[in-house]
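Hi,

Here is the structure I promised to pass on.

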Amino acid sequence: MSIPDITGPAGTTGPAGAAGQLGAADQLGTTVQTGAEPSRQKASAPRRPGQRRTGKILLGLLAWLVGLLFVSPLLWMLLTSLHAETDASTNPPSFFAPLTLESYSNFFGGDSGVSPWPALINSAVAAIVSTLIVLVLSTMAAYSLAIRRIQRWSDVLFFLLSTKMLPMVAGLLPIYLVAQAFGILDTWLLLIIIYSAMNMPIAVWMMRSFLAEVPVEVLEAAELDGARLPRVFMQILLPLTAPGLAATALICFIFSWNELLFANVLTSTAASTAPVFLTSFVTSQGLFLSQVCAASLIISVPVLVAGIAAQDKLVQGLSMGAVK
């Protein structure tokens with residue numbers, strides 16, 4: 001679109017021609033603006049209240065659907081554990097079979113007389129002690145890798161990560177022979193050492209990312225005020241990285257509590273853990289499905305309790321270091 005040329009009588013642009021040109025330009029600008037206003041108004045038109053309410057309802061239903069999808073295995077295990085063995089083993093499953101607590105009674109030694117408490121205590125001791133050791137060592141290692149960086153600190157991180165690339169079964173025989181030579185087979189000490197070494201690399205990586213978020217100026221200000229390193233750790237670093245500590249502790253505890261391979265091979269009776277005790281329900285006589293579900297739920301309770309107790313800290317810890 002072009003603006004028509006308005007000139008004077010002799011082809012020269014006089015005052016009248018200039019005024020005409022300005023008027024034509026204003027008219028054209030008004031036309032362009034008028035044409036653009038409806039589209040801009042249409043694009044920025046607010047949503048209706050009904051559309052917002054419908055979107056919130058659909059989003060809520062989707063969230064409930066995803067939540068039920070994740071909880072459905074636990075609900076299935078709970079329902080199966082409350083059925084008798086004959087009803088739990090039917091195909092298709094019998095949803096409306098009579099409910100009973102027989103499987104839970106058998107888990108606590110109702111028929112066999114075998115108590116699960118020694119295995120649960122062994123798992124708790126090995127998992128808690130190894131988690132505390134890992135937290136102390138990984139925090140100090142992460143401090144030297146994130147704040148007071150040592151030389152070739154990135155090589156140290158990748159070396160720690162490379163230890164996780166070795167399959168666990170590949171180190172089973174050497175560990176068994178070493179433990180047998182030192183006489184620590186079937187002991188808490190062996191499980192604590194193995195679980196600490198197993199969780200150390202991932203704990204160092206996690207704590208390093210959390211400590212990297214701490215402002216160095218805060219630590220320097222504390223040092224200028226005369227605070228020594230132990231006080232800086234206890235009064236500054238630990239409160240600032242409490243969510244990261246909680247997330248790291250929970251992950252290490254879960255990995256230690258659920259470990260089966262080393263516990264099954266390196267322990268027999270004195271230090272046998274809860275996952276090893278769970279496998280005792282799979283015998284040559286068959287799979288006791290209801291008892292296995294009941295045992296699985298009971299053994300999962302400590303992990304669920306720990307996760308619920310550290311829920312707020314866990315969410316904050318896992319979101320530390322994210323893109324802001």
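This is a predicted model: local features need pLDDT of at least 70, side-chain atom pairs count only at pLDDT 80 or more; totals for chains, interfaces and linings use all residues.

Residues are numbered from 1 along each chain as its sequence is written, and side-chain values use heavy atoms, with hydrogens and water left out.

There are two salt bridges (a side-chain nitrogen of Lys or Arg within 4 Å of a carboxyl oxygen of Asp or Glu). In one, Arg148 pairs with Glu223, with 2.3 Å between the closest N and O atoms. Arg148 sits in the loop between helix 5 (117-146) and helix 6 (153-162) and Glu223 in helix 9 (residues 216-224), so this pair ties together parts 75 residues apart in sequence. (Helices are DSSP runs of H or I, at least four residues, numbered from the N terminus.)

The other joins Arg152 to Asp155, closest N and O atoms 2.8 Å apart. Arg152 is exposed at 62% relative accessible area, and Asp155 is partly exposed at 38% (buried is under 20%, exposed over 50%, partly exposed in between, with a 1.4 Å probe and protein chains only).

On packing, helix 11 (residues 242-258) meets helix 14 (residues 289-309) at about 175°, axes 10 Å apart (axes are lines fitted to C-alpha atoms over the stretch in contact, and angles run from 0 to 180 degrees between N-to-C directions).

Cheers

Note on methods. Helices (H or I, at least four residues) and strands (E, at least two) are DSSP runs, numbered from the N terminus.
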